[in-house]
Amino acid sequence: MGADIVEKVRASIKTLGYIPNGLARALASKSTRTVGVVVPTINGAIYSRMVTALQQSLEQQGLVLFVATHEYSLARELESVRALIERGVDAMILVGQTHKKDAFDQIRRKQIPLVLMCVYEPKSEWSTVGWSNKAGGTRIADHLAQIGHRRIGIIGGIASDNDRARDRVEGFISAFRQKNIEIHDDYIVECRYDLADSGRALRQLMENSSPPTAILCGNDVLATGALLECLRLKIRVPQDLSITGYDDLDLAAHLVPSLTTLRIPADEIGRLSAQTLIGLLENNSKPRHVDVDVDLILRETSAPPSH
């Protein structure tokens with residue numbers, strides 16, 4: 001076919017607004033050029049940034065991203081996994097390691113490449129891109145122990161069905177045990193990632209007969225809620241109470257006082273997850289495990305205890 005004819009065909013397609021039949025193309029190529037990602041939520045900035053970076057990287061390879069959320073319900077996540085498989089996605093990304101067995105079984109049965117994001121686990125049969133949440137928790141807890149805190153509270157996310165929340169708290173506790181610092185159950189509170197809930201959790205911790213001198217929070221949202229409650233209760237941070245977060249959301253540096261936290265490179269995780277997935281699709285390669293660096297960011301909410 002001559003170049004002039006090809007150009008005429010393209011012009012006609014543009015004029016008529018013709019859209020190629022994706023289903024027919026998929027049947028012919030046995031590929032839909034689509035990827036599914038199921039994340040806990042896109043309300044949180046950390047996942048929004050990951051998904052944005054993921055989508056941009058996949059688009060550069062001509063892949064379309066389908067996004068679903070489950071709001072921390074593994075039953076809802078399973079339904080999303082089923083729906084995406086029914087729509088013929090070529091590959092899939094899930095967050096964390098804890099998922100319904102049936103979700104893994106269906107992905108395995110269809111031989112769909114899978115990347116687990118926000119976790120680093122070299123022993124996993126699936127590719128993982130992330131970091132050790134437990135090691136991250138240990139790192140930030142070590143900071144509080146090193147500056148002299150011994151009576152420490154924890155506000156964690158709800159650990160049921162959430163390995164990231166569970167591992168962070170385990171990392172906190174592990175760091176203190178290594179220094180012979182005991183954390184009693186009264187000093188550990190779980191709550192939703194919600195400002196009001198974390199405010200109530202802070203009040204509960206401070207009602208102990210010997211209130212903590214520092215509080216570790218499972219993420220920056222929980223830390224922000226705790227800080228706001230301190231303002232209401234006229235608890236000075238960090239003079240009366242140190243508070244730390246986890247994630248380093250954009251707001252963390254702009255809070256007053258600014259938040260000590262652990263920086264998670266969300267954009268990098270999204271890009272690396274896309275690259276890992278593309279490698280699986282193109283080369284049918286073995287699982288790859290990518291460990292990203294996280295940084296302890298020391299700001300104004302942590303200081304040695306005043307008494």
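Me: What should the 15 residues of helix 3 span at 1.5 Å a residue, and how far apart are its end C-alpha atoms?
Reply: This is a predicted model. Helix 3, residues 45-59, should span 21 Å, and its end C-alpha atoms are 21 Å apart, so the two agree.

Me: Which residues of helix 3 are buried?
Reply: They are I46, Y47, M50, V51, A53, L54, S57 and L58. These cover an arc of only 165° around the axis, which puts them on the same side of helix 3.

Me: Let's zoom out. How many helices and strands does the protein chain have?
Reply: There are 10 helices and 12 strands in the protein chain. Of its 307 residues, 51% are buried.

Me: What about contacts between residues at least 6 apart in sequence: what share joins residues at least 24 apart?
Reply: That share is 72% in the protein chain.

Me: And how much accessible surface does the protein chain have?
Reply: About 15500 Å², with 50% of it belonging to carbon and sulfur atoms.

Me: OK, on to the inside. How many residues are in the largest nonpolar core?
Reply: It has 49 residues, and F172, F176 and L216 have the most contacts inside it. Helix 10 gives the largest share of this core, seven residues. As a general point, nonpolar side chains tend to be buried together in soluble globular proteins.

Me: What does L216 touch, not counting residues up to four places away in sequence?
Reply: Quite a list: I140, A141, L144, I152, G153, I154, I155, F172, F176 and T244. There is also a second, separate core of 19 residues, with L227, L241, I243 and A252 among them.

Me: How far does helix 6 reach from its first C-alpha to its last?
Reply: Helix 6 (residues 133-146) reaches 20 Å, close to the 20 Å expected at 1.5 Å a residue. G148 follows helix 6, and its phi is positive, near 110°.

Me: Where in the chain are F104 and W126?
Reply: F104 is in helix 5 (residues 101-109), while W126 is in the loop between strand 4 and strand 5 (127-130). The two are 22 residues apart, and the pair links distant parts of the chain.

Me: Why does F104 count as buried?
Reply: Buried means under 20% relative accessible area, and F104 has 14%. W126 is buried too, with 11%.

Me: What about Q106, buried or exposed?
Reply: Q106 is buried, with a relative accessible area of 14%. Its place is in helix 5. Leaving aside neighbours within four places in sequence, Q106 is in contact with L78, R82 and I85.

Conventions. Residues are numbered from 1 along each chain as its sequence is written. This is a predicted model: local features need pLDDT of at least 70, side-chain atom pairs count only at pLDDT 80 or more; totals for chains, interfaces and linings use all residues. Side-chain values use heavy atoms; hydrogens and water are left out. Helices (H or I, at least four residues) and strands (E, at least two) are DSSP runs, numbered from the N terminus. The expected span of a helix is 1.5 Å times one less than its number of residues. Buried means under 20% relative accessible area, exposed over 50%, partly exposed in between (1.4 Å probe, protein chains only). The arc is that of the directions from the helix axis to the C-beta atoms. A nonpolar core is a set of buried Ala, Val, Leu, Ile, Met, Phe, Trp, Tyr and Cys residues joined through side-chain atoms within 4.5 Å. Contact means heavy atoms within 4.5 Å. Accessible areas come from the Shrake-Rupley method with a 1.4 Å probe; for residues, only the protein chains shown count as cover.
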